[in-house]
Amino acid sequence: MANHIAIEGNIGAGKTSLASVLAERLNARLVLEQFADNTFLPKFYKDPERYAFPLELSFLAERYKQILEFATTPDLFQQTIVSDYLFIKSKLFARINLEDAEYDLFSQVYRVMDLNIRPPDVLLFLHAPVGILQAHIRQRGRSYEQEIQDAYLEKVAAMYENHLTQLEIPVIIIDTSTFHFQDKKALESLLVLLRSPLQPRRYYLGSI
């Protein structure tokens, strides 16, 4: 079993839900991204140019602090960690949201922090069409997300797809439009895969 299972995907893909389910089934420590108290997030969606830089820096600092804390405080009873984000997510979204000069400065800070962060042992990537993402965004009802445009979600999807080609760890790509982890049989098939020896390549669940 992997020591660190990370989950990624577009906005509204279901990362937190799957992370919570897996942590319970695997008796793992759950690491969830802290965004509810981030005062820059609602401001960013209203005025991206003004608030993108402080937003990305705040997320970077919080993710760094959280991952490092879990990595340096092992738990004998819960040796596996399930997180609903990758640390490099900060850099990926910064590339989308920041101007070149801001991104260059951000990258300098990121590189220093990244020296202390180990990559996960396996990544679960949740793939979903934009229409499904928008439906999930509406359903969960966060007011500041309701104006997210399809074009932005498409840009995020392209960013992730490019990043996946560069990874040298096992990546399980889950088509959430056909593979529903709420279904017991589907979840069991995922758990079986996670408990098996995995090579640094792509695995697919669903109809992708």
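Buried, as used in these legends, means under 20% relative accessible area. The model shown in each view is predicted.

**View 1. Tilted ring pair of F125 and Y160.** The ring centres of F125 and Y160 are 5.4 Å apart and the planes are at 55 degrees, so the pair is tilted. F125 belongs to strand β4 (residues 122-127) and Y160 to helix α7 (residues 150-164), so the pair links distant parts of the chain, 35 residues apart. F125 and Y160 are both buried.

**View 2. Stacked ring pair of F87 and Y110.** This is one of six aromatic pairs found in a search of the whole structure. With centres 5.2 Å apart and planes at 15 degrees, the rings of F87 and Y110 are stacked. F87 is in the loop between β3 (81-83) and α4, while Y110 is in helix α5 (residues 100-114), so the pair ties together parts 23 residues apart in sequence. Both F87 and Y110 are buried.

**View 3. Contact of helices α3 and α4.** The axes of α3 (residues 48-72) and α4 (residues 89-97) come within 10 Å and cross at roughly 175 degrees. Angles over 145 degrees count as roughly antiparallel, and α3 is therefore roughly antiparallel to α4. Helix α3 contributes A52, E56, F59, L60 and R63 to the contact, and helix α4 contributes K89, S90, F93, A94 and N97. Of these residues, five are nonpolar, two polar and three charged.

**View 4. Cluster of F44, Y45 and Y144.** Ring pairs link F44, Y45 and Y144 into a cluster.

**View 5. Arginines over tyrosine rings.** R95 lies over the face of Y103, 4.0 Å from the ring centre. The charged end of R201 sits over the ring of Y203, at 3.9 Å from its centre.

Definitions and conventions
Residues are numbered from 1 along each chain as its sequence is written. This is a predicted model: local features need pLDDT of at least 70, side-chain atom pairs count only at pLDDT 80 or more; totals for chains, interfaces and linings use all residues. Side-chain values use heavy atoms; hydrogens and water are left out. Axes are lines fitted to C-alpha atoms, for helices over the stretch in contact, and angles run from 0 to 180 degrees between N-to-C directions. Helices (H or I, at least four residues) and strands (E, at least two) are DSSP runs, numbered from the N terminus. Angles under 35 degrees count as roughly parallel, over 145 as roughly antiparallel, 65 to 115 as roughly perpendicular and the rest as oblique. Contact means heavy atoms within 4.5 Å. Ala, Val, Leu, Ile, Met, Phe, Trp, Tyr, Cys and Pro count as nonpolar, Asp, Glu, Lys and Arg as charged, and the others, Gly among them, as polar. Rings of Phe, Tyr and Trp (its six-membered ring) pair if their centres lie within 6.5 Å; planes under 30 degrees apart count as stacked, over 60 as edge-to-face and the rest as tilted. Buried means under 20% relative accessible area, exposed over 50%, partly exposed in between (1.4 Å probe, protein chains only). A charge sits over a ring if NZ of Lys or CZ of Arg is within 6 Å of the ring centre and within 35 degrees of the ring normal.
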